[in-house]
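Trainee: I would like to go through this structure with you slowly. Could we take one topic at a time?

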Amino acid sequence: MIEHTEDDNDFSVCYEEDRSAANVRERKRMSGINGAFADLRSCIPTFPFEKRLSKIDTLNLAIAYMNMLEDILETDMDSHDYVQSIVDKTRRGEISNAQWCTSDLLARLNWIDWERLGIKPVL
């Protein structure tokens with residue numbers, strides 16, 4: 001039979017306090033991450049009826065959306081004409097160099113607030 005000493009009890013109490021403090025820090029960290037993802041989800045085009053996107057889907061969609069916005073800024077073409085031409089090419093099955101032409105983003109193009117971007121809607 002193993003005897004427990006007072007030192008064992010002190011160790012147990014310290015471990016439980018350390019573990020509890022670590023759990024509080026982790027919950028606070030995760031809360032911050034979840035808040036950041038909620039902020040990011042509010043900046044990307046999503047369907048109004050769709051359930052909350054997973055973190056990986058949110059990141060993938062945000063990357064595609066940012067690539068699209070970057071391409072719009074870099075092109076010499078009219079913004080609307082550029083996006084429309086890439087969308088049309090993709091729908092015809094032609095290869096496009098646009099990294100943002102993902103099925104997720106293309107499906108959400110109708111939900112982008114184009115007027116806020118200063119562009120007429122892409123159909």
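Trainee: Which residues is His 80 in contact with, leaving aside its neighbours within four places in sequence?

Mentor: This is a predicted model, in which local features need pLDDT of at least 70 and side-chain atom pairs count only at pLDDT 80 or more, while totals for chains, interfaces and linings use all residues. Residues are numbered from 1 along each chain as its sequence is written, and side-chain values use heavy atoms, with hydrogens and water left out. Taking contact as heavy atoms within 4.5 Å, and leaving aside neighbours within four places in sequence, His 80 touches Ile 119, Lys 120, Pro 121 and Val 122.

Trainee: Is His 80 buried or exposed?

Mentor: Buried means under 20% relative accessible area, exposed means over 50%, and partly exposed lies in between, using a 1.4 Å probe and protein chains only. His 80 has a relative accessible area of 11%, so the word for this residue is buried.

Trainee: Which residue forms a salt bridge with Arg 29?

Mentor: A salt bridge is a side-chain nitrogen of Lys or Arg within 4 Å of a carboxyl oxygen of Asp or Glu. For Arg 29, which is partly exposed at 43% relative accessibility, the closest N and O atoms of the pair are 2.8 Å apart, and the partner is Glu 26.

Trainee: What is the relative accessibility of Arg 92?

Mentor: The side chain of Arg 92 meets that of Glu 94 in a salt bridge, at 2.8 Å from N to O. Glu 94 is partly exposed at 38%, whereas Arg 92 counts as exposed, with a relative accessibility of 53%.
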